[in-house]
Amino acid sequence: MKDNTMLATTETPTPRGRRPFTPSSALIALLALVLYNIVANPNFLTLNSLNINMTQSATILIVAVGMTFVIATGGIDLSVGSVMAISGAIAPLLFLDRGLSPIVALPLAVILPLCAAALCGAFNGLLVTRFRIQPIIATLVLFIAGRGVAQVVSGGALVNFTGASFTALGTTRIFGVNIQVFLMLAILVIATWVMRSTLFGRYVVAVGGNDRASRLAGVPVNRTRITVYVISGVLAGLAGLITIAVNSSSDANLVGQNMELDAIAAVAVGGTALSGGRVTLVGTLVGALFIQLLRYTLLVNGVPDAAALVVKAAIIIAAVALQYRRK
């Protein structure tokens with residue numbers, strides 16, 4: 001008989017007298033950044049500035065949601081940036097193909113890249129489950145080779161497509177807000193429902209909390225792990241499509257660059273345990289907004305992007321250290 005008690009919650013029990021790691025610290029830091037920018041930057045509250053920040057946050061959060069699922073099982077996915085590049089390289093080949101009707105080409109330019117991204121996720125999952133390779137090594141394969149694949153697909157050239165109908169995925173506005181912001185929120189709501197209200201969500205937390213006990217309880221551990229990597233791949237592929245639509249160009253060298261660092265930072269800062277077994281998607285939202293606003297603040301104050309990478313790496317270390325301290 002399955003031990004359903006183990007699967008009944010998405011929260012890890014905390015010893016009496018110790019507080020669990022929550023996204024409250026990240027929320028305080030986010031509010032502090034917001035207040036700083038309101039005071040120091042008179043253009044911060046303009047619609048254009050808010051749209052820029054929310055648009056950038058959208059791609060980070062979409063990838064970070066997939067990363068949250070993976071990390072919740074005790075894994076990690078370093079290939080998300082390369083998967084974005086692969087997806088972004090495939091799409092222009094389809095919607096710019098004059099031999100295809102626009103009615104056919106546009107849906108294919110979305111569906112086929114997402115299928116390719118799902119295959120990349122399945123490949124990562126199989127390396128982890130079938131060949132028992134550590135997740136950080138298994139996903140390092142596509143981290144390195146995936147961008148090379150994207151460069152081969154695109155011929156290593158920058159592809160511009162100004163005026164293509166595909167750009168609607170990144171430029172359409174609803175009530176003055178970019179469409180990807182609504183897409184981001186929809187994905188977050190669906191992911192939160194999956195984690196809180198479905199058996200699969202309980203499986204994800206159970207696998208990350210105790211792999212061996214999950215197997216004994218009848219949880220399909222390998223299938224769950226492969227599924228979360230597929231989810232991560234698909235969401236990374238979608239983020240890649242949004243990125244090229246926003247930029248009206250596809251560059252396999254740049255699409256998704258350093259996105260794995262942003263996604264991991266958002267998850268860690270948000271409060272999801274990097275060791276697995278505890279998930280907070282609301283925290284991932286706060287983390288993604290914090291990472292984007294931090295980058296914005298540094299750039300507005302003249303700090304080079306290279307220095308921002310060092311700051312984000314330090315934030316990941318601090319978040320992990322705080323998690324272990326509160327354990």
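Predicted model: local features only at pLDDT ≥ 70, side-chain atom pairs only at ≥ 80, totals over all residues.
Residues are numbered from 1 along each chain as its sequence is written, and side-chain values use heavy atoms, with hydrogens and water left out.

A191 lies in helix α7, residues 179–197, where helices (H or I, at least four residues) and strands (E, at least two) are DSSP runs numbered from the N terminus. With a relative accessibility of 5%, A191 counts as buried; buried means under 20% relative accessible area, exposed means over 50%, and partly exposed is in between, using a 1.4 Å probe and protein chains only.

A nonpolar core is a set of buried Ala, Val, Leu, Ile, Met, Phe, Trp, Tyr and Cys residues joined through side-chain atoms within 4.5 Å. The largest one here has 83 residues, and I62, V65, F69, F166 and F290 are those with the most contacts inside it. Helix α2, which covers residues 47–72, gives the most to this core, with twelve residues. If we leave aside neighbours within four places in sequence, V65 is in contact with I187, L188, A191, L235, L281 and T284.

Let me turn to helix α12, which runs over residues 281–300. This helix has 20 residues and reaches 29 Å from its first C-alpha to its last, close to the 28 Å expected at 1.5 Å a residue, where the expected span is 1.5 Å times one less than the number of residues. At its N-terminal end α12 is capped by T280, a side-chain oxygen of which lies 3.0 Å from the backbone nitrogen of G283. After α12 comes G302, with a positive phi near 80°.

What does the side chain of N41 make a polar contact with? The partner is the side chain of Y296, at 2.7 Å; a polar contact is a pair of N or O atoms within 3.5 Å, where within protein one must be able to donate a hydrogen and the other to accept it, and residues adjacent in sequence count only if both atoms are side-chain atoms. N41 itself lies in the loop between α1 (24–40) and α2, and at 10% relative accessibility N41 counts as buried. Not counting residues up to four places away in sequence, N41 touches Y36, Y296 and V300.

In helix α11 we find V267, which is buried, with a relative accessible area of 0%. Leaving out residues up to four places away in sequence, V267 touches A64, M67, T68, I71, T272 and T284.

Now to the largest pocket, which has a volume of about 540 Å³. On a 1 Å grid over the protein atoms alone, a pocket is an open set of points where a 1.4 Å probe fits, with protein on both sides within 12 Å along at least five of seven lines, and lining residues have an atom within 4 Å of a point. Grid points are joined across faces, edges and corners, and the volume is the space filled by probe spheres set on the points. The lining has 23 residues, of which Q56, T243, L254, G256 and Q257 lie nearest the centre of the pocket. At least two lining residues come from each of α2, α10, β4 (249–250), α11 (259–270) and α13 (305–326). T243 is placed in helix α10, residues 221–247, and counts as buried at 17% relative accessibility. Apart from residues up to four places away in sequence, T243 touches T59, M84 and V255.

Finally, two loop residues deserve a look at the backbone. Most residues other than glycine have a negative phi. R132, in the loop between α4 (102–129) and α5 (135–154), has a positive phi near 55° and is exposed, with a relative accessible area of 56%. F175, in the loop between β2 (173–174) and β3 (177–178), has a positive phi of about 55° and is exposed at 82%.

Technical notes. Contact = heavy atoms within 4.5 Å.
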